[in-house]
Amino acid sequence: METEDNVIDELIREITGLINEYPKVLERRAVEIHTAGKDPDLAQTLIKAADTMRDSGNLYLTWAKHYASVAAGRTDATSDEDETEDFDV
């Protein structure tokens, strides 16, 4: 079981990194589009998408961490921890 706990913890770290990076990449792409003078509506859409992905990513990670705690046998899987700092919110 300890090995599975380690795998789950590692996956959560990987997911956290990817979910944290994804909105940043969308924002960089929006800046590239804006700087190139291309479709301003698309650039704005990508900025809004980045905000949405931060919010939904935070929710996803909260649930993932909850279920990781459950899988590890911790019945006190609820947390008062503020997850927003994971996303620079």
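## Aromatic pair

Helices are DSSP runs of H or I with at least four residues, numbered from the N terminus. In this predicted model, helix 2 covers residues 40-71. Tryptophan 63 and tyrosine 67 are four residues apart in helix 2, so about one helical turn separates them.

A search of the whole structure finds one aromatic pair. Tryptophan 63 and tyrosine 67 form this pair, which is stacked, with 5.6 Å centre to centre and 25° between the planes. Tryptophan 63 is partly exposed, at a relative accessible area of 46%.

Side chains of opposite charge can pair when their charged atoms come close. The structure holds five salt bridges. One of them joins the side chains of arginine 13 and glutamate 10, at 2.9 Å from N to O. Both residues belong to helix 1 (residues 2-35), where they are three residues apart, about one turn of the helix. Arginine 13 is exposed, with 52% relative accessibility, whereas glutamate 10 is partly exposed at 34%.

## Network around arginine 54

Salt bridges link Glu27, Asp51 and Arg54 in a network. Arginine 54 pairs with glutamate 27, their closest N and O atoms lying 2.9 Å apart. Because arginine 54 is in helix 2 and glutamate 27 in helix 1, this pair ties together parts that are 27 residues apart in sequence.

Arginine 54 also forms a salt bridge with aspartate 51, with 3.4 Å between the closest N and O atoms. These two residues are three residues apart in helix 2, a separation of about one helical turn. Arginine 54 counts as buried, at 16% relative accessibility. Glutamate 27 is partly exposed, with a relative accessible area of 24%, and aspartate 51 is partly exposed at 41%.

Methods. Residues are numbered from 1 along each chain as its sequence is written. This is a predicted model: local features need pLDDT of at least 70, side-chain atom pairs count only at pLDDT 80 or more; totals for chains, interfaces and linings use all residues. Side-chain values use heavy atoms; hydrogens and water are left out. Rings of Phe, Tyr and Trp (its six-membered ring) pair if their centres lie within 6.5 Å; planes under 30 degrees apart count as stacked, over 60 as edge-to-face and the rest as tilted. Buried means under 20% relative accessible area, exposed over 50%, partly exposed in between (1.4 Å probe, protein chains only). A salt bridge is a side-chain nitrogen of Lys or Arg within 4 Å of a carboxyl oxygen of Asp or Glu.
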